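Colleague: I have a model open and would like to learn how to read it. Could you take me through it feature by feature?

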Amino acid sequence: MLMMVQTKFFDERSDQSEVKARIVQKYFYVWAKVIIPTAKQTTKKVAYIDLYAGPGRYKDGSASTPLMILERAIEDPDLRSMLVTLFNDADKNHTNSLQAEIDRLKGIESLKYKPQINCGEVDSDAEKYFNETRLIPSFSFVDPFGYKGLSLKIVNGVIKDWDVIAYSSSTTTGLMLASRIRQ
Ligand SMILES: C[S@@+](CC[C@H](N)C(=O)[O-])C[C@H]1O[C@@H](n2cnc3c(N)ncnc32)[C@H](O)[C@@H]1O
């Protein structure tokens, strides 16, 4: 059943998916503009993390969130030199397709940090990693669309050091954005 939902999900971009991607892209950019002046003095990097990244494009050719984030970063001099991106998906076809789509983006070579693509299940190892690893300022998009694997521990792991998580699920109405400012 989930495979069917997933296959259909990427057939063509629904209005809701487009709105979701645009909200995440815009919110990420505004967040980055607020965080970058401090990050320039400290970590020199900011991160965008998508643990359920998908294949990059819908079958109708429209770009999904990872490509939209990278396109925005390519246009911005600060993001070009500071943004670290981590994209994960459990499905090897999706990570292969995402890699190919990223490689095709105009200007991708101008990013100082090459996007990292990982194929793996979000499971207890991922929870442990994010709970034990200190993160640079990170914007995390958690978009499992009803798949198993999301737990409060992973959410806590990605927000424990810094501040933003965008969470989307088929079982919630719309997108929830929460932020926490480091004390
Ligand atoms: C809704 S799609 C992601 C869409 C993407 N974030 C975007 O905005 O275009 C959900 C993805 O989660 C992946 N997925 C499902 N369960 C997973 C798990 N346990 N760990 C990692 N990825 C998973 C699926 O293969 C699918 O590509």
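What follows goes from the overall layout to the strands, a helix pair and the core.

Modeller: Keep in mind that this is a predicted model.

Colleague: How many helices and strands are there in the chain, and in what order do the elements run from the N terminus?

Modeller: The chain has seven helices and six strands. Starting at the N terminus, their order is α-α-β-α-α-β-α-β-α-β-α-β-β. Of its 183 residues, 31% count as buried. Among contacts with a separation of 6 or more, 75% are between residues 24 or more positions apart.

Colleague: Now the strands. Which sense do S1 and S2 run in?

Modeller: As a general idea, side chains in a regular strand alternate between the two faces of the sheet. Here, S1 and S2 run parallel and are joined by five bridges. Within that pairing, Ala47 has Val84 of S2 as its bridge partner. S2 also pairs with strand S3 (residues 116-119), again in the parallel sense, over four bridges. There, Asn88 stands opposite Asn118 of S3.

Colleague: Why is S2 largely enclosed by the rest of the structure?

Modeller: Because five of its seven residues are buried.

Colleague: How do I read a pair of packed helices?

Modeller: Two packed helices are described by the angle between their axes and the distance between the axes. For H2 and H3, the axes come within 9 Å and cross at roughly 35°. The crossing of H2 past H3 is right-handed. On the H2 side the contact is made by Ala21, Val24, Gln25, Phe28 and Tyr29, and on the H3 side by Thr65, Met68, Ile69 and Arg72. By type, these are six nonpolar, two polar and one charged.

Colleague: Which residues of H3 are buried, and what do they pack against?

Modeller: In H3 (residues 65-75), the buried residues are Thr65, Pro66, Leu67, Ile69, Leu70 and Ala73. The buried residues of H3 pack against helices H2 (15-41), H4 (77-82) and H5 (92-104), and against strands S1 (46-50), S2 (83-89) and S4 (138-142).

Colleague: And the core: how many residues are in the largest nonpolar one?

Modeller: It has 29 residues, and those with the most contacts inside it are Phe28, Ala32, Val46, Tyr48, Leu51, Ala73 and Leu83. Two or more residues each come from H2, S1, H3, H4, S2, helix H6 (124-132) and S4. H2 gives the most, with six residues.

Colleague: What does Leu51 touch, leaving out residues up to four places away in sequence?

Modeller: Leu51 touches Asn88, Val122, Ala126 and Val142. Asn88 is also the residue that stands opposite Asn118 in S3.

Technical notes. Residues numbered from 1 in each chain as written. Predicted model: local features only at pLDDT ≥ 70, side-chain atom pairs only at ≥ 80, totals over all residues. Buried ≥ 20, exposed ≤ 12 C-beta atoms within 10 Å, placed from the backbone. Contact = placed C-beta atoms within 7 Å. Core = buried A, V, L, I, M, F, W, Y, C linked by C-beta atoms within 7 Å. Axes fitted to C-alpha atoms, helices over the stretch in contact; angles between N-to-C directions. Left-handed = near helix turned anticlockwise from the far one by under 90°. Nonpolar A, V, L, I, M, F, W, Y, C, P; charged D, E, K, R; others polar. Pairing = 2+ DSSP bridges.
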